[in-house]
Amino acid sequence: MRSVALVTGAGGGIGSAVASTLAARGWAVVGVDLVERPACLDAADAVEWVVGDVRDETSVIRAVESAAGLGRLSGLVTATLTEHRGALESLDRRALAEVYDVQVAAAWAWSTAVAAAASGDGSIVHISSVHARRAAPGMAAYAMGKAALDALVRAGAVEWGPQGMRCNAVLPGFVPVQRNKERWSDPSAAESLLAEHPLGRFVTAEDVAQVVAFLLGPYARGVTGVSLPVDGGMLATLPRWA
């Protein structure tokens with residue numbers, strides 16, 4: 001029976017790359033997003049689409065039902081995000097709650113649904129960020145939400161491991177996608193960003209997707225509870241003053 005993966009945030013740059021990569025590797029995929037299926041996935045016949053808010057329980061139900069018609073549900077990738085930029089003293093409870101709702105509570109809800117519906121071995125991968133490990137001015141809310149995914153990954157690995165469910169995360173660094181085009185399309189800005197990458201190039205959405213596919217697949221069957229940087233070496237670099 002064909003393996004099925006749910007991908008939330010599948011309309012975004014990384015999410016769509018994950019959906020496309022998994023389909024190319026033989027997975028059946030149910031993509032979930034607030035937007036309609038992006039044109040880049042038109043050729044991926046193995047990708048079904050659910051338009052819905054990841055915070056809505058009915059979206060979870062519809063996606064799991066769609067997966068049941070395609071094969072054996074055994075994978076989940078959460079690639080949703082929201083940001084609230086501002087200094088710590090400018091944050092408010094509403095802003096923090098929204099970030100946590102999308103980045104943490106939704107990831108938990110989808111994970112528990114897949115863990116309950118999956119039969120036999122399965123794998124969950126959350127798209128986190130290098131912001132979970134490092135601080136940048138004005139990014140506290142986003143970083144706090146991504147850091148919480150580390151705890152979710154460890155808890156899932158421990159509690160669901162006995163039933164064969166693995167839980168991991170990837171921590172992308174700067175990935176050039178449409179939503180941050182102003183940062184990489186300007187040559188001087190791109191040069192400054194590249195200076196923080198020991199590899200000398202940006203990590204692409206496809207690079208991230210390949211690592212996600214590895215973590216979902218059988219070659220990573222001994223890997224769980226891990227948050228793996230996919231950042232071109234950004235986190236390995238000491239500040240220039242050190």
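By class, how many nonpolar, polar and charged residues does the lining of the largest cavity have? The lining has four nonpolar, three polar and one charged residues, where Ala, Val, Leu, Ile, Met, Phe, Trp, Tyr, Cys and Pro count as nonpolar, Asp, Glu, Lys and Arg as charged, and the others, Gly among them, as polar.

The model is predicted, so local features need pLDDT of at least 70 and side-chain atom pairs count only at pLDDT 80 or more, while totals for chains, interfaces and linings use all residues. Residues are numbered from 1 along each chain as its sequence is written, and side-chain values use heavy atoms, with hydrogens and water left out.

**Cavity**

Rolling a probe the size of a water molecule over the atoms shows where empty space is left. In a search of the whole structure, one cavity of 30 Å³ or more is found. A cavity here is a set of points, on a 1 Å grid over the protein atoms alone, where a 1.4 Å probe fits but cannot get out; lining residues have an atom within 4 Å of a point. The largest cavity holds about 40 Å³ of space, a volume being the space filled by probe spheres set on the points, with grid points joined across faces, edges and corners. Its lining consists of Thr-78, Thr-80, Val-102, Gln-103, Ala-107, Ile-127, Lys-146 and Leu-149. The elements that give two or more residues to this lining are α3 (93–117) and α4 (140–160); helices (H or I, at least four residues) and strands (E, at least two) are DSSP runs, numbered from the N terminus. The largest share, three residues, comes from α3.

**Salt bridges**

Side chains of opposite charge can pair when their charged atoms come close. Three salt bridges are found in a search of the whole structure, each defined as a side-chain nitrogen of Lys or Arg within 4 Å of a carboxyl oxygen of Asp or Glu.

| Salt bridge | Closest N and O atoms |
|---|---|
| Asp-53 and Arg-55 | 2.9 Å |
| Asp-150 and Arg-133 | 3.7 Å |
| Arg-201 and Asp-207 | 2.8 Å |

Asp-150 and Arg-133 form a salt bridge, and this pair links distant parts of the chain, 17 residues apart: Asp-150 is in helix α4, and Arg-133 is in the loop between β5 (122–127) and α4. Asp-150 counts as buried because its relative accessibility is 10%, where buried means under 20% relative accessible area, exposed over 50% and partly exposed in between (1.4 Å probe, protein chains only). Arg-133 is partly exposed, at 40%.

In the pair Asp-53 and Arg-55, Asp-53 is partly exposed at 23% and Arg-55 is partly exposed at 40%. In the pair Arg-201 and Asp-207, Arg-201 is partly exposed at 40% and Asp-207 is partly exposed at 24%.

**Two buried residues**

Trp-160 is found in helix α4 and is buried, with a relative accessible area of 15%. Leaving aside neighbours within four places in sequence, Trp-160 is in contact (heavy atoms within 4.5 Å) with Ser-111, Thr-112, Ala-115, Ile-124, Met-165 and Cys-167. From Trp-160 to Asp-92 the separation is 68 residues in sequence and 34 Å in space, C-alpha to C-alpha.

Gly-122 lies in strand β5 and is buried as well, with a relative accessible area of 8%. Not counting residues up to four places away in sequence, Gly-122 touches Ser-74, Gly-164, Met-165 and Arg-166. Gly-122 and Asp-33 are 89 residues apart in sequence and, C-alpha to C-alpha, 22 Å apart in space.

Note on methods
On a 1 Å grid over the protein atoms alone, a cavity is a set of points where a 1.4 Å probe fits but cannot get out, and a pocket is an open set with protein on both sides within 12 Å along at least five of seven lines; lining residues have an atom within 4 Å of a point.
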